[in-house]
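Here's a quick tour of one protein model, written for someone who likes cut-offs spelled out. Have the coordinates open and follow along.

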Amino acid sequence: MKKNDILTGTVVDYTHEGNGVVKIEGYPIFIPQTVKNETVTFKLIKQNKGFGIGKVLSIDTESPDRVTPPCIYYQQCGGCNIQHLNYQAQLTMKENQVKNLVRKMTKLDIPVREIIGMENPWRYRNKSQLPVQYREGIVTGFYRPRSHDIVPIEECLIQKESHDELMNTIRQLLTQYNVSIYDERRHRGNLRHIMLRSGTTVNETMVVFVTKSRHLPELEQIADELMAQFPYVTSIRQNINSEKTNVILGSQSRTIRGHDYIHDQLDQLTFEISDMSFYQVNHEQTEKLYRQALDYAELTASQNVIDAYCGIGTIGLFMAAHAERVYGVEIVEKAIEDAKRNAALNHLSNTHFEAGKAEDIILKWREEGIRPDVVMVDPPRKGCDAVFIETLLELTPQRIVYVSCNPSTLMRDIQLLETKYHIDEITPVDMFPQTTHVEAVCKMTLKD
């Protein structure tokens, strides 16, 4: 077997990136856009010691789980990559991914419950981040896989329909006003990204223009036109990012028209959301995720909760009505300001939010006599800091509820916490249909 060979095999599994796995004499070959149990003919386009990469040439035996992707940009865009699977097959793949990680990484017998999916797995994104380029005219869209080349798009089937309408109008206005577009290779030009954020239960939308420099006079006229044309646009902001970086947002923002924030509701809670706020992009699934976390917390009105990595306080405030007191900690000071404002907005007086490293603030609280019954953990993709894990093991709350956006780092952290905690069960949640991403909520109980 060598590069460029034409081979035939049966797809036996999926990679965590959603590629089909064919094994030839035990050697795994990863083939995009293939479905489990299909027989495929493919070209071996890359080969190394551990695995190969194949390009499908024909589907010889098609799986009943295969569907025709409805998105016309699917073959070019890197935004979502498993539209060729029907939704039930997507859910099965993600649930099995979590089960396989439990088996391979932890060697523990942890029950994995049925994945929580969506009723309608389309048009769920309330936040769109659109790079802008000049290429024989102004284009907006999403990057091709593993590139900084934009696929120009006019419709995205996983973002809110109103975002399509806004995106296309903004692009026309940028052309009309001859706006200077950023060139990342030369670090010249001005407009870098457009970000759209919308409430789901509240009909408010924020438009954010991310620019290299503050001076972009055309934005005033564009903002006036957008607000006149779209009554649901209630906030237009400019974010300034002068760095030569792939990070989208800079540290400075200003309001051009309308309000500094938009609003949305989760369950009975109202949240103010700025351009900088971390707020889940799938409203329907966020409510399901938080309800699952609340169920695992088993709160009574007399218990204290620590919400580590609390962001703008969404999970902590969700828990506040069911607890004696909620303490939230987050390293980003702006997020803590947002959390305090959201607590006041919802008239929740049994919360306390503080900025700093979780491990430092939690130990400070312990010295002040604060003993949590439950700790909520919702870390970034890299998982929990090792020092924070040690702090948790010192603190020994009765329960830990771990919300993970990366099951691999959840499994790593489970192995450290398992010395003192029963890992009771895990529930996967599909927050990003049509993509391979899967989140999970894990319940842990202190051993006797």
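## Around I336

Setting aside residues within four places in sequence, I336 is in contact (heavy atoms within 4.5 Å) with C310, G311, G328, V329, E330, F353, E354 and A355. I336 sits in helix α6, residues 333–345; helices (H or I, at least four residues) and strands (E, at least two) are DSSP runs, numbered from the N terminus. I336 is buried at 3% relative accessibility, where buried means under 20% relative accessible area, exposed over 50%, and partly exposed in between, with a 1.4 Å probe and protein chains only. In the other direction, I336 and N37 are 299 residues apart in sequence and 49 Å apart in space, C-alpha to C-alpha.

A word on ground rules: this is a predicted model, so local features need pLDDT of at least 70 and side-chain atom pairs count only at pLDDT 80 or more, while totals for chains, interfaces and linings use all residues. Residues are numbered from 1 along each chain as its sequence is written, and side-chain values use heavy atoms, with hydrogens and water left out.

## Helix packing

Two packed helices are described by the angle between their axes and the distance between the axes. Helix α7 (residues 358–367) packs on helix α8 (residues 386–395) at an angle of about 20°, with the axes 9 Å apart. Axes here are lines fitted to C-alpha atoms, for helices over the stretch in contact, and angles run from 0 to 180 degrees between N-to-C directions. That makes α7 and α8 roughly parallel to each other; angles under 35 degrees count as roughly parallel, over 145 as roughly antiparallel, 65 to 115 as roughly perpendicular and the rest as oblique. The α7 and α8 crossing is left-handed, meaning the near helix is turned anticlockwise from the far one by less than a right angle, with clockwise giving right-handed. On the α7 side you'll find A358, E359, I362, L363 and R366, which meet V387, F388, T391, E394 and L395 in α8.

Next up are α1 and α9, whose axes come within 10 Å and cross at roughly 35°. This crossing of α1 and α9 is right-handed. V98, L101, V102, M105 and T106 in α1 meet P407, S408, M411, R412, I414 and Q415 in α9. Helix α9 (residues 407–417) has P407, T409, L410, M411, D413, I414 and L417 as its buried residues. Those buried residues pack against α1, α8, β19 (399–404), β20 (421–429) and β21 (439–446).

## The loop between α1 and β6

K107 lies in the loop between α1 (87–106) and β6 (127–134), and K107 is exposed, with a relative accessible area of 66%. A polar atom of the K107 side chain lies 2.8 Å from the backbone oxygen of K104. K107 and Q415 are 308 residues apart in sequence, yet 9.3 Å apart in space, C-alpha to C-alpha.

R125 is in that loop between α1 and β6 too, but R125 is partly exposed, at 22% relative accessible area. Leaving out neighbours within four places in sequence, R125 touches I158, Q159, K160, H163, V281 and F432. The R125 side chain also has a polar atom 3.1 Å from the backbone oxygen of K127. From R125 to C156 it's 31 residues in sequence and 9.8 Å in space, C-alpha to C-alpha.

Most residues other than glycine have a negative phi, and most peptide bonds are trans. N4 has a positive phi, near 80°, and isn't a glycine. N4 is in the segment before β1 and counts as partly exposed at 44% relative accessibility. H187 also has a positive phi without being a glycine, at about 55°, and is found in the loop between α2 (161–176) and β9 (191–198).

Finally, N19 lies in the loop between β1 (6–14) and β2 (20–24). Is N19 buried or exposed? N19 counts as buried, at 16% relative accessibility. Not counting residues up to four places away in sequence, N19 touches D13, Y14, F30, I31 and P32.

Definitions and conventions. Polar contact = N/O pair within 3.5 Å; in protein donor to acceptor, adjacent residues only side chain to side chain.
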